[in-house]
Amino acid sequence: MKEIQMVDLHGQYLKIRTEVDEAIQRVIDSTAFIKGKEVFLFQDELSAYTGAGHTIACGNGTDALQVAMMALEIKPGDEVITTPFTFISTIEVIKLLGMKPLLVDVEKGSFNMDPLLLRDVITERTKAIVPVHLFGQCAHMEPIMELAAEHGLFVIEDNAQAIGADYLFSDGSTRKAGTIGNVGTTSFFPSKNLGAYGDGGALFTNDQGLAEKISALVNHGMKQRYYYDYVGINSRLDTLQAAILRVKLKQLPAYHLARQQAALFYDEAFSGIAGLNIPERSPYSTHVFHQYTIRVPREARDPLKEWLAGKKIPSMVYYPVPLHLQHAYADLGYGAGDFPVAEKLSQEVLSLPMHTELDAEQLSYIAAEVRAFFKL
Ligand SMILES: *Cc1c(COP(=O)(O)O)cnc(C)c1O
């Protein structure tokens, strides 16, 4: 059996090697390393795939969040709402820009922002809401968008983990994750569902004025060469990465299918294990399984992780400490007990190997060892 990894980027590369190698060579031959034509082609292709009005590539997913907030002119002292159960970037940029992060707890089934708790958190100083589509499934956007409209707030979707997921509105229409709010952001970090061979990110918006501003902001605030309209940053997607991402974007639907099939295999193998909760599927979203995250009783989580490690099966805890309990964010004034769902999840979650190259033998082996831990 092939060694089991959380993510198998090399196995994935081998299947598209010729095309990727040619793409890389093409960029080197052109020497257009910054703002080469592959970047613009990739932006257009990603717009076509997501249905976003405009896609602006940038250096990474963290910068994408920062630029979204800069573009919307959220000011120091303004409040921005997100959840305590996400990757650090989401809250980091809010803090870096001098804004005040307000947190709202998540739903235990979907791991995403709980819209029912949102209304009570909004104040006069709140300017934006940042829902995160965690682990590959959309947050409950419809009620979030309604509340935002009611209070005149911006919505920035942190879509680093759910590129390609479909959100289903109650009128039956669908939209891709990241194209619903004022701005959506994503990351092409290598292990993401659409991963580059280095850092990369992008912003999505349907607002042309905002798109032009974002394009300037990621390039020093420059519209016309050496004339600066805004104070910007240097955050561009390398042409090499864009060329690689163009090859991988064509594979994305097949990659999602492979992840969804692995997830279904796990679901069936784990059905009937008392004390193991498979990932819940929200009725309003498809799931692209950036992670396959189970919940087990707190006292079983670390022993299960160790048991699997002993069988050469890696697993990961995303995320072991909710953001409000992180040292760097102690000054926000939150404490233990403030977000009970996020706190409980951080002790119960375990993400199993999930990628595009898992084969039947590996999946059967993982499933058998999980069942064995539960004495089945
Ligand atoms: C990966 C990730 C980011 C940051 O992306 P980078 O490209 O690593 O900067 C932001 N938010 C979430 C939820 C992520 O998973």
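Angles under 35 degrees count as roughly parallel, over 145 as roughly antiparallel, 65 to 115 as roughly perpendicular and the rest as oblique. This model is predicted, so to speak of local features takes pLDDT of at least 70 and side-chain atom pairs take 80 or more, while totals for chains, interfaces and linings use all residues. Residues are numbered from 1 along each chain, and side-chain values use heavy atoms, without hydrogens or water.

**Exercise 1.** Work out how helices α9 and α12 are oriented to each other.

*Solution.* Start with the angle: α9 (residues 239-270) and α12 (residues 360-373) pack at about 30 degrees, with axes 10 Å apart. (Helices are DSSP runs of H or I, at least four residues, and strands are E runs of at least two; axes are fitted to C-alpha atoms over the stretch in contact, and angles run from 0 to 180 degrees between N-to-C directions.) The two helices are therefore roughly parallel.

**Exercise 2.** Find who makes the contact between α9 and α12.

*Solution.* Contact means heavy atoms within 4.5 Å. From α9 come A262, F265, Y266, A269 and F270; from α12 come L363, S364, I366, A367, V370 and R371. Now sort them: nine are nonpolar, one is polar and one is charged. (Ala, Val, Leu, Ile, Met, Phe, Trp, Tyr, Cys and Pro are nonpolar, Asp, Glu, Lys and Arg charged, the others, Gly among them, polar.)

**Exercise 3.** Describe what lines the largest pocket.

*Solution.* First, the elements: α4 (61-71), α5 (89-96) and β8 (183-187) each give at least two lining residues. Next, the largest share, three residues, belongs to α4. Last, by class, the lining holds 14 nonpolar, 13 polar and three charged residues. (A pocket is an open set of points on a 1 Å grid over the protein atoms alone, where a 1.4 Å probe fits, with protein on both sides within 12 Å along at least five of seven lines; lining residues have an atom within 4 Å of a point.)
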